[in-house]
Amino acid sequence: MQEIGATVLVCTPSYALRLAEIAQEHGINTPASTVRVTIHAGEPGASIPATRERIERAWSASAYDHAGMTEMGAYGFACSERRGIHVNEGEFIAEILDPQSGRPVQKGQAGELVLTNLGRWGSPALRYRTGDLVMHGGYNCACGRTFLHLLGGVLGRVDDMLIVRGVNVYPSALADVLHRFPDVAEYRVIVTKEGEMDEITLQVECPPAIIGDIQEELRIALNLRVPVEAVEPGTLPRFELKARRVDDRR
């Protein structure tokens, strides 16, 4: 990237942060690099305010969300408002359905994104259940576009949503809280089962002194008390493609 003077970085949000971490270890100043824009897909991140801010601070560049999949192609893009992504309805018919009932959700509600592609003559897909959990953001955006707006981008996978003591917990919500703390390097979510209920614990690479602040921010954001354990730097896995931060031990 330094040798060719790259101006755009396209990768998962996790890998953008990992690259910046490696660069720092090698004395490379990424904020002073030629990169001016970063584009991210493959996992939630670029529409999560705290994660986007962390990427932008690491690269001194504007970060944008993007969405697509092998089966459908690229279907979503971020606008200048960067509060989520728009579905390219010139190429796709989009539905957001309740995963249980199969009925359409209303504006402000979350559901599974179902897509029909119109431009792939060689591999059409009709009402394809993407497995992506999204929020219906309506059809009017401050940017002026009237394509369906997915507020907050892809929130996660439908089967990744956790119900902890009756509270729906999305992985993107945990990331938004943890990435507010500059001293948090990496984290892992451990899921266990106690009786009939799911429980979660967080392992976080951070100074023990900020654990109390993290727990309080999580309580405010989720209305849930989450145990947090500080672990040594470099203890948790790093990811080059899609991050796998949920360790399901149920």
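Colleague: Hi! Can we start with Pro 31: what is its relative accessible area, and how does it count?
Modeller: Pro 31 has a relative accessible area of 39%, so it counts as partly exposed. Bear in mind that this is a predicted model.

Colleague: Where is Pro 31 found?
Modeller: In the loop that runs between helix 1 and strand 2.

Colleague: And what does Pro 31 touch, not counting residues up to four places away in sequence?
Modeller: Pro 31 touches Arg 57, Ala 58, Trp 59 and Ser 60.

Colleague: You mentioned Ser 60. Where does that one lie?
Modeller: Ser 60 lies in the loop between helix 2 and strand 3. With 48% relative accessibility, Ser 60 counts as partly exposed.

Colleague: What about the phi of Ser 60?
Modeller: Phi there is near 50°, a positive value in a residue other than glycine. For context, most residues other than glycine have a negative phi.

Colleague: Which other residue has a positive phi of about 50° although it is not a glycine?
Modeller: Arg 127 does. You'll find Arg 127 in the loop between strand 7 (110-117) and strand 8 (128-136).

Colleague: Back to helix 2, please. Is it mostly covered or mostly open?
Modeller: Mostly covered, with eight of its eleven residues buried. Those are Ala 50, Thr 51, Arg 52, Arg 54, Ile 55, Glu 56, Ala 58 and Trp 59.

Colleague: What covers the buried residues of helix 2?
Modeller: The cover includes strand 1 (8-11), helix 1, strand 2 (37-40), strand 3 (62-69) and helix 3 (171-178).

Colleague: Let's take helix 1, then. At what angle do the axes of helix 1 and helix 2 cross?
Modeller: They cross at roughly 35°, and the axes of helix 1 (residues 13-25) and helix 2 (residues 49-59) come within 10 Å. The crossing is left-handed.

Colleague: Which residues meet there?
Modeller: From helix 1, Pro 13, Ala 16, Leu 17, Leu 19 and Ala 20 take part; from helix 2, the partners are Thr 51, Arg 54, Ile 55, Ala 58 and Trp 59. By type, the residues of this contact divide into eight nonpolar, one polar and one charged.

Colleague: Helix 3 came up as part of the cover. How many of its residues are buried?
Modeller: Six of its eight, so helix 3 is mostly covered as well. The buried ones in helix 3 are Ser 172, Leu 174, Ala 175, Asp 176, Val 177 and Leu 178. Helix 2 is part of what covers them, and so are strand 9 (149-157), strand 11 (167-169), strand 12 (187-194), strand 13 (197-205) and helix 4 (211-222).

Colleague: New topic: aromatics. How many aromatic pairs does a search of the whole structure find?
Modeller: One. Tyr 75 and Phe 92 form it, edge-to-face, with 6.4 Å centre to centre and 75° between the planes.

Colleague: Which parts does that pair tie together?
Modeller: Tyr 75 is in strand 4 (residues 73-77) and Phe 92 is in strand 6 (residues 92-97), so the pair ties together parts that are 17 residues apart in sequence.

Colleague: Why does Tyr 75 count as buried?
Modeller: Because its relative accessible area is 1%, and the cut-off for buried is under 20%. Phe 92 is buried too, at 6%.

Colleague: What else is in contact with those two? I was looking at Leu 115.
Modeller: Leu 115 lies in strand 7 and is buried at 0% relative accessibility. Leaving aside neighbours within four places in sequence, its contacts include Tyr 75 and Phe 92, along with Met 72, Ile 93 and Arg 127.

Colleague: Last one: what lies over the face of Tyr 64?
Modeller: Arg 82, at 5.3 Å from the ring centre. Arg 82 is also in contact with Ala 63, a residue of strand 3 that counts as buried at 0% relative accessibility. Other contacts of Ala 63 include Thr 38, His 40 and Ile 55.

Definitions and conventions. Residues are numbered from 1 along each chain as its sequence is written. This is a predicted model: local features need pLDDT of at least 70, side-chain atom pairs count only at pLDDT 80 or more; totals for chains, interfaces and linings use all residues. Side-chain values use heavy atoms; hydrogens and water are left out. Rings of Phe, Tyr and Trp (its six-membered ring) pair if their centres lie within 6.5 Å; planes under 30 degrees apart count as stacked, over 60 as edge-to-face and the rest as tilted. Helices (H or I, at least four residues) and strands (E, at least two) are DSSP runs, numbered from the N terminus. Buried means under 20% relative accessible area, exposed over 50%, partly exposed in between (1.4 Å probe, protein chains only). A charge sits over a ring if NZ of Lys or CZ of Arg is within 6 Å of the ring centre and within 35 degrees of the ring normal. Axes are lines fitted to C-alpha atoms, for helices over the stretch in contact, and angles run from 0 to 180 degrees between N-to-C directions. A crossing is left-handed if the near helix is turned anticlockwise from the far one by less than a right angle, and right-handed if clockwise. Contact means heavy atoms within 4.5 Å. Ala, Val, Leu, Ile, Met, Phe, Trp, Tyr, Cys and Pro count as nonpolar, Asp, Glu, Lys and Arg as charged, and the others, Gly among them, as polar.
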